[in-house]
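Trainee: I have a structure to look at and would like to learn how to read it. Could you walk me through it, step by step?

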Amino acid sequence: MNTFGGRLLIGATGSAAVASLPVYINALRGAFTGTVTVLMTHTAATFVPPYTVGLFADRVVTGGTPDEWPRVNQATLAAEHDMMAVLPATANMLSVVATGGVPNMLSATITAADFPVVFFPVMTGEMWRKPAVQRNVDQVRQDGYHVVDPPWGQRYDVGLGEFIDSPMPPPPPQFVDVVREFMPSNRAEGG
């Protein structure tokens, strides 16, 4: 297997799908030899504790305490990484990025980034099909970011308590392939 390295920043937003983030990081470890930092929004940290994510990532940042801000902020995070994957990317985060808003450290870091940023949207089918969401996705793409169209399938909806046909996170191997594709090539290690 070809290994590759680099400094990956994963932006985790407030969706129930964030609970599966450790599975994605674990799958990534099979080929990725670099560092993984996870930047969690406040809402993401309510779905899965940062210390749980920290069992899989090299570092977890929440921006939760002001004493960290001088050392860990959007400028330092952007300077310390080669690529960002936003998984899961909520409709809210896509809207914020499409309009240039920076209400939290994750959106500020996305705005400060001068490296590839790839969004993996996760939301209900009704949300994904809304014209406003599609306009936001188009704008995010026009602004130079990458949005991976979500695969559709049966997904358990926590709110409804049943399985529904909807957009879902990519299979972990696809996530790894996309990270490999967008990680700057000067970090590649295998042949």
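Mentor: Gladly! Let's start with a term: two strands pair if DSSP finds at least two bridges between them. In this model, β5 and β6 pair in the parallel sense over two bridges. Helices (H or I, at least four residues) and strands (E, at least two) are DSSP runs, numbered from the N terminus.

Trainee: What should I know about the model itself before going on?

Mentor: This is a predicted model, where local features need pLDDT of at least 70 and side-chain atom pairs count only at pLDDT 80 or more, while totals for chains, interfaces and linings use all residues. Residues are numbered from 1 along each chain as its sequence is written, and side-chain values use heavy atoms, with hydrogens and water left out.

Trainee: In what order do the six strands form the open sheet?

Mentor: First the general idea: strands of a sheet pair through backbone hydrogen bonds, either parallel or antiparallel. Here the order is β3-β2-β1-β4-β5-β6, and the pairing is parallel. The edge strands, β3 (59-61) and β6 (146-147), each pair on one side only.

Trainee: Which residues stand opposite each other in these strands?

Mentor: Take β4 and its partners. Strand β1 (residues 7-12) runs parallel to β4 and is joined to β4 by four bridges, with Gly 11 opposite Val 86. β4 also pairs with β5 in the parallel sense, again over four bridges, and there Met 84 has Val 117 as its bridge partner. Moving on to β6, you will find Val 147 opposite Phe 119.

Trainee: How many residues of β4 are buried?

Mentor: Buried means under 20% relative accessible area, exposed means over 50%, and partly exposed lies in between (1.4 Å probe, protein chains only). Seven of the seven residues of β4 are buried, so the strand is mostly covered.

Trainee: Where is the antiparallel pair of strands β7 and β8?

Mentor: Look at residues 152-157 for β7 and residues 162-167 for β8, which pair in the antiparallel sense over six bridges. The two form a hairpin with four residues between them, and Gly 161 in the turn has a positive phi of about 70°. Within this pair, Gln 154 stands opposite Asp 165.

Trainee: Now the helices, please. How do I describe two that cross?

Mentor: Axes are lines fitted to C-alpha atoms, for helices over the stretch in contact, and angles run from 0 to 180 degrees between N-to-C directions. Angles under 35 degrees count as roughly parallel, over 145 as roughly antiparallel, 65 to 115 as roughly perpendicular and the rest as oblique. The axes of α5 (residues 91-99) and α6 (residues 105-112) come within 10 Å and cross at roughly 45°, so these helices are oblique to each other.

Trainee: Which residues of α5 and α6 meet?

Mentor: Contact means heavy atoms within 4.5 Å. Met 93, Val 96 and Val 97 in α5 meet Leu 106, Ser 107 and Ile 110 in α6. By class, this contact has five nonpolar, one polar and no charged residues. For those classes, Ala, Val, Leu, Ile, Met, Phe, Trp, Tyr, Cys and Pro count as nonpolar, Asp, Glu, Lys and Arg as charged, and the others, Gly among them, as polar.

Trainee: At what angle do the axes of α1 and α9 cross?

Mentor: Helix α1 (residues 21-28) and helix α9 (residues 172-182) have axes that come within 9 Å and cross at roughly 60°. That makes α1 oblique to α9. Val 23, Tyr 24, Ala 27 and Leu 28 of α1 make the contact with Pro 172, Phe 175, Val 176 and Val 179 of α9. Those residues divide into eight nonpolar, no polar and no charged.

Trainee: Is Ser 15 buried or exposed?

Mentor: Ser 15, in the loop between β1 and α1, counts as buried because its relative accessibility is 11%. Leaving aside neighbours within four places in sequence, Ser 15 is in contact with Phe 47, Pro 88, Thr 90 and Val 122.
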